[in-house]
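Thanks for opening this one up with me. Please take a first look at the model below, and then we can walk through it together.

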There are 2 protein chains.
Amino acid sequence: MYKKLFIPGPTHVRDEVLQAMARPMIGHRFKEYAELQAEATSKVQKLLYTENPVFLFTSASSGVMEGAARNCIRDDKKVLCAINGAFGARWHDMILANGKEADVLEVEWGQAVTPELIEAKLSSDEYDAVALTHNETSTGVMNPIYEIAEVMKKYPDVCWMVDAVSSMAGAKIEVDKLGIDVCIAGVQKAFALPPGLTVCSVSQKAFDRAKEVKNRGWYFDFHLMLKYYHRNQTPATPSISHIFALNKQMDDILAEGLEAHFQRHLDMAEFVRDWARRHFALYADERYLSNTLTAVVNTRGLSVPKLNQALAEQGAVISDGYGTLKGKIFRIAHMGDLTMDDMRWLTGLIEGIWNL
Amino acid sequence: MYKKLFIPGPTHVRDEVLQAMARPMIGHRFKEYAELQAEATSKVQKLLYTENPVFLFTSASSGVMEGAARNCIRDDKKVLCAINGAFGARWHDMILANGKEADVLEVEWGQAVTPELIEAKLSSDEYDAVALTHNETSTGVMNPIYEIAEVMKKYPDVCWMVDAVSSMAGAKIEVDKLGIDVCIAGVQKAFALPPGLTVCSVSQKAFDRAKEVKNRGWYFDFHLMLKYYHRNQTPATPSISHIFALNKQMDDILAEGLEAHFQRHLDMAEFVRDWARRHFALYADERYLSNTLTAVVNTRGLSVPKLNQALAEQGAVISDGYGTLKGKIFRIAHMGDLTMDDMRWLTGLIEGIWNL
């Protein structure tokens, strides 16, 4: 039996999107492919309000996040890793695994990375880049990128790399207005596609910086990607099936309307937050709640594995807490193609189970 | 109109395989996923006659080829890149892009890398690794890995990295018997799946070497992959749809029988070679002809783009020559799920066109 995914990725994928994945294969050097890539990327540019090139990497987001660090940080410089959850910590690990130097701005889990905290660090003028996780699915915090952008603008030599993995397509991110240099997201979150493809916008500042960086590698090298991007191709064979599905899904997102699309995410978020406040408590700072995922404090001491087992029997699945938060919180994703009806259904199921 | 792909990747994908790609999504930390990964990898181990771990990387082969170099070459050592075509040259580029030192063993296009040539280089004792392209789709040469293996066995400190991208699943490669340390293939060639996933077997020798190498990175780090492999997972979210399809396709390959499967590839190859000898000429050295692709010298001076246009109208497509060989040769892939009937049909179509 299919379990509808209320986990923070992969999210629920509609049948129409799965069928778009299953289109007959074409060659990646065919004209048909170039047209497909051009169409899909131009639609993602609309979603991101950007004129920057949008690359389609056949990779999980992690590969591209590691690649961004290899493109944007020179050997004698450092990156500032802002960490307020598991995924920020992982990006820091990746950066170190590539021999890059990094400082950490650590914020308590459940709290947000604020513009003031970033500014206090940046004023030391040691940094080539800032790595920020926009939306921490381990805690349900969405960091305030619009406010942080005001600080970043004061440091024009610092590349701003944003992991928007679980927020892009679920919350408005105006890349050009914000001045985000590298904005990264896997398609298995708010895009609601199967995992396997990562989109990434890259600014002129990041391209200029990359020119000064040695050993950027090949597969995630921004300049190699750019060379092929100009002819609507990728250097290596891409996941064409994913791009078929992305192109179809972007049509549907644009048909819904971007404002309506983001509003639907906010509506679902507010519904789940209200429900959680009534019956449990919220884990994240109320000022920085995520639009795509809610972390619920398990004040009733439910067994989350048992809860999930009972949900599975009725065709749904949620997430336990991440790492040391296992059992202490549970997490409900409300993104992608999920709807208000899904949220009503899911919360009703959970109430039915704990009342047994 | 669908064009049946006689190009060296992506190759023709059957409807049943496309439908396996379109299965409803599951979470990558679910038990169902772990079972799927375990099943799929154990079947690929059978195909490769190996007990080495087989990793499933969500990436084009290039990423994994670059990653292999980052795992197997220490800072003060070098790699020997054997190059007899475009793809060997590209691997060399990738290795240099990662700041690794490399020597080149260059062989004329159309000729093979022989055991003698490898041995002459290795005796200098400078190398941590050898990078070899098993099957050069730019020239239609299949390098003699069984003979080369005899040389490699004399150098137990050298990691043998094999790009088997366009040969794995199309020709027998007994990884353990041959002593291949890293054996890499994208699934869009003889596996006949859509592009987007790369399989890679890794030996204990390669794992031991990797421990001595700094800055291996994260996404392609063999030890991080191994840690998750033990629980039948991957560190980052994998392309689950591709693994559904791989698992289905491996069932079909094993049901056909490995010997019969490789024989079908050889039969198709011999048919196309005979046809090419009768009407054109073969580009590659007769002693080292590829089982999965034939490079045909365009002795009739056909316009390959026009030939392909006429083929397209009848639902087929072949490849022009690669790079500077454009127009001078054309290439017919005979791998994956193509059959003898397909070869008869295609060559008949080509004859019909040039006789117009």
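Here are a few points on the chain contact, a helix pair and a sheet.

1. Please keep in mind as you read that this is a predicted model.

2. Let's start where the chains meet: 45 residues of chain B are in contact with 45 residues of chain A. On the chain B side, the elements that each give two or more residues are helix 1 (15–21), helix 3 (61–72), helix 4 (86–97) and helix 10 (240–256). Sorted by class, this side of chain B has 21 nonpolar, 19 polar and five charged residues.

3. Next, have a look at helix 5 (residues 115–122) and helix 6 (residues 145–152) of chain B, which pack with their axes 9 Å apart at an angle of about 25°. Because of that angle, helix 5 of chain B counts as roughly parallel to helix 6 of chain B. The crossing of these two helices of chain B is right-handed. Helix 5 of chain B brings Pro115(B), Ile118(B), Glu119(B) and Leu122(B) to the contact, while helix 6 of chain B brings Glu147(B), Ile148(B), Glu150(B) and Val151(B). Five nonpolar and three charged residues make up this contact, with no polar ones.

4. Chain B also has an open sheet of seven strands with mixed pairing, in the order 2-10-9-8-5-3-4. Its edge strands are strand 2 (54–57) and strand 4 (101–106) of chain B. On average, neighbouring strands are turned by 20° against each other, direction ignored.

5. Within chain B, strand 5 (residues 127–133) and strand 8 (residues 159–163) pair in the parallel sense over five bridges. To find one bridge by eye, go to Ala129(B), whose partner in strand 8 of chain B is Cys159(B).

Terms used:
Residues are numbered from 1 along each chain as its sequence is written. Chains are lettered from A and ligands numbered from 1 in the order in which they are written. This is a predicted model: local features need pLDDT of at least 70, side-chain atom pairs count only at pLDDT 80 or more; totals for chains, interfaces and linings use all residues. Two residues are in contact if their C-beta atoms, placed from the backbone, lie within 7 Å. Helices (H or I, at least four residues) and strands (E, at least two) are DSSP runs, numbered from the N terminus. Ala, Val, Leu, Ile, Met, Phe, Trp, Tyr, Cys and Pro count as nonpolar, Asp, Glu, Lys and Arg as charged, and the others, Gly among them, as polar. Axes are lines fitted to C-alpha atoms, for helices over the stretch in contact, and angles run from 0 to 180 degrees between N-to-C directions. Angles under 35 degrees count as roughly parallel, over 145 as roughly antiparallel, 65 to 115 as roughly perpendicular and the rest as oblique. A crossing is left-handed if the near helix is turned anticlockwise from the far one by less than a right angle, and right-handed if clockwise. Two strands pair if DSSP finds at least two bridges between them.
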